[in-house]
Amino acid sequence: MDALAQALILLDYAAVAVFGASGALAAARRKHDIVTFAFFAAITGVGGGTLRDLLIGAPVFWVHRPAYLAVTLAAAVAVWIFGWGQGRERFLTWLDAVGMAAYAVVGALKALSLGAPPLSAIVMGVLTSTFGGIIRDVLGEEPSVLLKRELYVTAALVGASAFVGLNMLGVGLMASGLAAVALGFATRAGAILFHWSLPAFPGRAPPP
Amino acid sequence: MDALAQALILLDYAAVAVFGASGALAAARRKHDIVTFAFFAAITGVGGGTLRDLLIGAPVFWVHRPAYLAVTLAAAVAVWIFGWGQGRERFLTWLDAVGMAAYAVVGALKALSLGAPPLSAIVMGVLTSTFGGIIRDVLGEEPSVLLKRELYVTAALVGASAFVGLNMLGVGLMASGLAAVALGFATRAGAILFHWSLPAFPGRAPPP
Amino acid sequence: MDALAQALILLDYAAVAVFGASGALAAARRKHDIVTFAFFAAITGVGGGTLRDLLIGAPVFWVHRPAYLAVTLAAAVAVWIFGWGQGRERFLTWLDAVGMAAYAVVGALKALSLGAPPLSAIVMGVLTSTFGGIIRDVLGEEPSVLLKRELYVTAALVGASAFVGLNMLGVGLMASGLAAVALGFATRAGAILFHWSLPAFPGRAPPP
């Protein structure tokens with residue numbers, strides 16, 4: 001359990017850093033200044049977990065642990081300094097996949113540990129891992145990750161559901177956590193590598 | 001009072017289902033997959049009440065009662081299966097009018113019962129009944145219901161104000177609730193049937 | 001201290017009024033009705049402080065003090081009546097600069113007084129003074145203040161950082177508050193008058 005707790009904390013900081021970097025890259029795309037870099041990095045890095053904490057009534061995780069904000073600032077500075085390149089794009093896409101898979105499980109675990117029922121815990125996992133990116137896209141006026149056909153929310157859903165499901169079946173935290181991160185990551189990897197997607201709505205759509 | 005409480009709970013679930021369906025329809029419009037349907041249904045269905053609960057410091061209503069989330073999922077599946085049609089559009093518009101009128105009163109009642117002053121309770125009623133749709137439009141990148149000239153926020157305001165006003169005048173909960181839902185609904189019905197609107201700002205506008 | 005507390009409360013109401021007016025002007029730009037004026041005025045006027053209070057776990061400041069909402073309504077009515085004019089635009093820009101500078105300090109002070117660490121208090125100051133405008137732009141579908149190159153978030157950051165920094169150095173509340181408001185205002189004034197800006201990201205940007 002101690003090792004798990006430590007692994008979770010590491011994953012948590014890693015996910016904040018990765019999402020922070022993706023926020024800074026949104027700022028880079030529009031040639032912004034360093035303060036806007038930091039603003040986007042912070043909002044993207046801690047946004048999902050912030051919503052989760054507000055919804056479950058927990059103290060917002062970063063307010064009394066400024067190391068989280070410091071990590072997003074470091075991510076903003078790193079993106080500023082190292083800039084961008086094709087190799088880095090692929091690196092970040094994969095890092096984001098790891099962060100997303102980790103966050104879906106961390107979010108669901110925190111909700112479960114505060115007594116949320118299974119369905120709510122799954123929703124918290126999904127929100128934790130996707131909401132930072134959603135705010136980043138809305139504020140940056142970019143096409144939302146929500147509106148892309150590629151699996152993203154679905155991968156978070158797979159990971160969070162697997163974790164909560166295995167947990168209900170009595171599988172230990174460590175095993176269900178690892179299996180769920182792996183499943184969520186594999187789903188996202190399939191989306192990145194093989195463009196996996198779910199069938200689109202086949203019915204008649206309302207006029208726009 | 002018992003009958004009122006039960007009626008309120010029914011109205012509450014009905015409003016969540018209706019708003020959930022309107023979220024799923026926003027996803028249908030863009031030919032999304034079932035997960036995105038569910039995501040939009042959930043956010044639209046519970047978004048307004050979530051904001052209200054956060055603002056008045058109450059536990060967020062759906063977190064420990066997953067039936068609400070289940071209702072939004074059912075709405076998403078129903079939209080997926082039954083698709084869309086002209087008759088259904090009118091049906092949903094009217095269902096949405098009922099949901100909006102109900103939610104404006106439910107939201108104001110919850111705020112009053114937690115000790116909020118009248119003006120704040122009115123604002124909570126308006127937010128509860130309109131914020132889900134606002135988030136749906138922002139995330140779905142559709143023209144916001146806020147920016148249409150048709151009366152929508154105004155109908156919520158009429159309902160919530162009537163409820164709080166009648167309540168302050170000493171009218172019983174049941175009577176003021178029914179009258180307020182009727183007034184809010186009638187305002188919205190006038191907007192749908194007769195395109196009622198308030199006068200636009202007549203002054204000089206600042207340049208865009 | 002008493003004079004300071006009174007000055008802070010005055011600044012608080014003044015900032016709510018100014019931000020409320022800027023929300024109403026966003027509605028004026030699109031020729032909306034008076035209810036939409038009021039909606040935008042309220043959201044812009046109290047939005048930043050609301051987010052701050054949710055994040056630090058304080059009761060949301062306006063819920064039990066409806067005078068704040070009344071001030072935003074008055075601002076909406078004032079904009080409706082007095083309309084717009086070139087002279088007024090400049091007046092409002094400068095009023096907004098005062099409000100922003102005041103709010104950055106008020107926000108940071110409230111966070112500090114509730115035990116937030118320095119870095120978090122600075123972030124709260126920045127959010128308090130900028131988030132209302134950000135929501136206004138997102139809901140009004142206008143180019144976000146975040147995406148302009150002109151210093152705005154930076155001015156809030158200068159003010160909040162100066163206040164927290166002076167405070168940590170042992171400077172009294174009154175002196176550090178006044179100095180910080182002056183610094184934040186001066187930064188914004190430089191942006192307005194001389195188009196001050198920070199260097200843009202010099203690196204290669206990712207493709208859009």
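**Exercises on the chain interfaces of a predicted model**

The rule for salt bridges (a side-chain nitrogen of Lys or Arg within 4 Å of a carboxyl oxygen of Asp or Glu) finds 0 of them between chain C and chain A. This is a predicted model, in which local features need pLDDT of at least 70 and side-chain atom pairs count only at pLDDT 80 or more, while totals for chains, interfaces and linings use all residues. Residues are numbered from 1 along each chain as written, chains are lettered from A and ligands numbered from 1 in the order in which they are written, and side-chain values use heavy atoms, with hydrogens and water left out.

**Exercise 1.** Describe the side of chain C that touches chain A.

*Solution.* 
Step 1. Contact, defined as heavy atoms within 4.5 Å, joins 38 residues of chain C to 33 residues of chain A.
Step 2. The two chains, C and A, bury about 2,900 Å² between them, with 73% of it on carbon and sulfur atoms; buried area is the accessible area (1.4 Å probe) lost by two parts on being put together, summed over both.
Step 3. Between chain C and chain A there are 3 residue pairs in polar contact, both residues at pLDDT 80 or more. A polar contact is a pair of N or O atoms within 3.5 Å; within protein, one must be able to donate a hydrogen and the other to accept it, and residues adjacent in sequence count only if both atoms are side-chain atoms.
Step 4. On chain C, the elements giving two or more residues to this side are α2, α5 and α6 (153-168). Helices are DSSP runs (H or I, at least four residues), numbered from the N terminus.
Step 5. The largest share, 9 residues, comes from α5(C).
Step 6. By class, the side of chain C that touches chain A has 28 nonpolar, 6 polar and 4 charged residues. Ala, Val, Leu, Ile, Met, Phe, Trp, Tyr, Cys and Pro count as nonpolar, Asp, Glu, Lys and Arg as charged, and the others, Gly among them, as polar.

**Exercise 2.** Describe the side of chain C that touches chain B.

*Solution.* 
Step 1. The contact draws 33 residues from chain C and 38 residues from chain B.
Step 2. About 2,900 Å² is buried between chain C and chain B, 73% of it on carbon and sulfur atoms.
Step 3. The interface of chain C and chain B holds 0 salt bridges and 2 residue pairs in polar contact (both at pLDDT 80 or more).
Step 4. Two or more residues each come from α1 (2-29), α2 (34-56), α3 (67-82) and α5 (118-139) of chain C, and the largest share, 8 residues, from α2(C).
Step 5. The classes on the side of chain C that touches chain B are 20 nonpolar, 8 polar and 5 charged residues.
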